[in-house]
Every structure is written in C-alpha cells, then in structure tokens.
Amino acid sequence: MTSIEPARLRELFLFADLTDEQLAWVAANSDVVSYRKGEVVSVEGEPAECFYVLLSGTLSMVRTVRGDEVEVTRSDQPGVYSGATQFYLGDQVDQEYGATVRAVTDAEFLALPAVDFAAKFRQWFPMAVHLLQGMFVGIRNADELVGQRERLLALGKLTAGLTHELNNPAAAAVRASETLRERFAGMRHKLGLLADGHFDGLQLHRLTKIQEKFIARMAAAPELTPIQVADLEDELGDWFDDHEVAGGWDLAPVFVAAGITTADLDELANVVDPGFLSPALRWLSYTVETENLLIEVKESTKRISALVGAAKQYSQLDRTPHQEIDLHEGIDATLVMLSGKIPEGVRIVKDYDKALPHVPAYAAELNQVWTNLLDNAVAAVHDHGDRTGTITVRTARDGDTALVEVIDTGPGVPPELKRRVFEPFFTTKGVGQGTGLGLDVSWRVVVNRHGGDLRVVSEPGDTHFQVRLPLRTGAPEVP
C-alpha cells in the first residue's frame, strides 16, 4: 500500500472540485491498494469498511441471485467507485458491501476508511448530507407507508368480498332454521291430530313407511323445466280437487319439488281413511319441507366451511412460510377470495395442468401475486368496452419451471408502457384507483424471493402475464 499525491486526485472527476485542504486530507487518510487480475476487492454482505475508487485497470461488480453470480457493472474508467457507497448515512442503514468487486485486470484502488470519511464528508458538505439523508429516509418511509396502505387496501377488498360471500349462505341458513322451526311445530300439531285415537296404529305405520319413501324420493328428484313444474303442479292440483283436499294449490309445489307424483298420492289415499287424507297430506308436506330445509342448512354451512377453508388456504396461517406447494390450491383460494369483486359479465376459465409438480415457494406471498394479477385482469376486461370479457388462468410445465399465466381479453398494454408496468408507483388506472405497487410487489416476490421470472406479452384482446417459478428446491431467500 502506498499514498497518493493530491495532484493525481485532482484528475479524478470524483475529487475534481474539492479544495486543496480537502484533497490533502483525502491523500493523507487513504491508501493506494494494488490487486492482481482475479483478486477480490470486496465481498458482498461483509461489513463495509472502505470506500474504493478505481485508479487504473478494470473492475467487475457482481451480485449473487439465488446462488448464481450476476455481473451488474464492468468499468475501466478511473474515478468509478464501489464498496461503502452509503457511508454518509452512518448507522441509519446496515453498512455492508452491496456487491462483490473483482479486478478483471491488474488494478489499483484508492481505499478510504468509511467511518473517517463519513465524519469529514458531513463536516465538508452538511447540506448535501442532510439532503441525501432526507431523500433516503423519505423514500424508505414513503415506501413503507404506501406499502402498508396497499396491503390494507388489498386486505379490505378481500375482507369485503369474503364478508359478502359468507353473508349469503349464513342468511340462507338463518332463514331455513326459522322456517324449520315453524314446520316442526306444524308437524307436531298434525301428528297430534293423526294420533288422537281415531287413527289406528296400522294406518299410522303405513303412513310412516310412505313418509320414508317420500324422503328417499327427494334425493333422486329430477331437474325440471319451469313448464314441466307448472304442468305437474296442475296435475297434482286436479288430484287434490278430485279428493276434496282444501288448499291443494299450497301443497302441489312442495310435492312436485320432491318428485312426488299422483301415483304416490294414490298409494297414500289407499292407506288412510278419506277423513284423514287431508291431515296426512299436511303432515307429509311438513316432512318434505323439513327435509328440504335441512338440506339447505347443510349446503349453506358447507359453503361457509368452504369459504373459511379458502381464507385459511389463502392466508397460510397454519403453514410454514417456505414449503412445497400445489400452485392450484393457492390460485383457487385466491379466486374464492376475489369472487365478490368479479363482475357478472366477466367469465373465469381454469386451464390447469394437473400433472404440474409441487413448487418450493412462499405460499402466502405467491397468493398476493395471484391477487394482484387477477385484480388487474378484472379491471382490464371490465373497465373498458362492454364491461364483459374472459379471464383464463393457465398452468403448465415449461422446462425446469412452472408456468402460470393470467390471460385477459382486455384492451392490452401499449408497447411503450410494457417496460414500465413493473415500475413502482406506475399505474394506468385513474387517480385514487391504484397505487402502482401491485405489479412492483409481484415482480419482487417472483424474481427476488423465488428466483423466477415475471413478464407481460400483450396485444389488444389477448394479454398474458406470465409467472415462471423454478421447480428445483433451493435455499429460500432470507426475508
């Protein structure tokens, strides 16, 4: 290591405007360090102790991405710098080397101790330091606040959609339970009339057998068109009139929905005395309605359970952060969570490769990617033209990667905007409708966190957002 003359420093663009006193300090407090071809100057991630300035030769700066070294800079211009490039921020950031620097040829570097240089720099350029610190802190705080708002907005939208979806089956279950209560009361009343001593046990036994037959018939009841329903109701209505059963118009819809025909009613008429036919029919109608209501409660609670399961799958609350996942489960859960936001005119098509292997990934973070891509696709097809369109979610294997495509039939991304869609804060939505962070977050999750690739291929009526994720298991990036 040797010292440097102030006159040589003056030739470098980095120090050209320093005063003689400042140049003298730099010369006195720095060392000229020589490196042979291939030697390492600084190592990414190690404590940043020196600010390096290239004096001669060529340097190469590389960063490690998912275990692979990627060259980000190569230069032979004297005065280019590396190493502790954020020395002026002091302890506001972790002072670590952001990249590995190597000498491509024999090279000389000026090495300035970062701590000493930071103290002098703040003394020489206090206003510049304040501006740089303010810019750094301001951007960092703004990113955090906007990112939090973006997450809260996304959570609010998903919560609203989930609440809406939960409300429908919950309300149906409440209505069914209230009606069920009334029907049980009616059933008890009619059973009392049937069993008041004027209806012998043999007839009651036959009636209960017909009751079981009616319930079994309900499970196999065919789907009927409105015209078929009307014809069958008229047919049963005529039967009730012929047998002098009052209020037959009220009983007919119940029995038709259960698949009960006039032949079944003839069998009932042969079992009971004519005077007890009407109470027997009412009792059986309560039985049929009760069974239908129980089925409705069951289906409603199953729907609620499915929605809660989808929310659990989406949030990954009970899962380890990094795991082997089935991409389809996450996509399906996201579609359920977004179902309340998908307009009526927008059709969702799933084109899944069921043979796609599991992918090592951060499941909850990928679900946020699917949310952003699907939300953008919905906006693209619904907010333009006739507010209708198709969104296709396609999965396939592409070499050593899993490919997920979200395809929409919207107006497309103009060529001049394709390179900007993944930039932070860039949005094509109206004021107040988007923060411009959704695709930026998605890009960072796919590329930085998973070592994958996210790109857009677009033309009017056919836009593909393509996510490629490596299938090989690698060490996950530390958050």
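Predicted model: local features only at pLDDT ≥ 70, side-chain atom pairs only at ≥ 80, totals over all residues.
Residues are numbered from 1 along each chain as its sequence is written, and side-chain values use heavy atoms, leaving out hydrogens and water.

**Exercise 1.** Find which residues touch the most other members of the largest nonpolar core.

Solution. 
- Start with the term: a nonpolar core is a set of buried Ala, Val, Leu, Ile, Met, Phe, Trp, Tyr and Cys residues joined through side-chain atoms within 4.5 Å. Buried means under 20% relative accessible area (1.4 Å probe, protein chains only).
- The largest core has 43 residues, and Leu9, Phe15, Val26, Phe109 and Leu110 touch the most other members.
- Among the elements that each supply at least two residues are helix H2 (20-28) and strand E3 (50-56). Helices (H or I, at least four residues) and strands (E, at least two) are DSSP runs, numbered from the N terminus.
- E3 gives the most, with six residues.

**Exercise 2.** Determine how helix H6 (residues 226-242) and helix H8 (residues 262-271) pack.

Solution. 
- Take the angle: about 20°, with the axes 10 Å apart. Axes are lines fitted to C-alpha atoms, for helices over the stretch in contact (heavy atoms within 4.5 Å). Angles run from 0 to 180 degrees between N-to-C directions.
- H6 is therefore roughly parallel to H8 (angles under 35 degrees).
- Now list the partners. Glu235, Leu236, Trp239 and Phe240 in H6 meet Thr262, Leu265, Asp266 and Ala269 in H8.

Technical notes. Buried < 20%, exposed > 50% of the residue type's maximum accessible area, 1.4 Å probe, protein only. Parallel < 35°, antiparallel > 145°, perpendicular 65-115°, else oblique.
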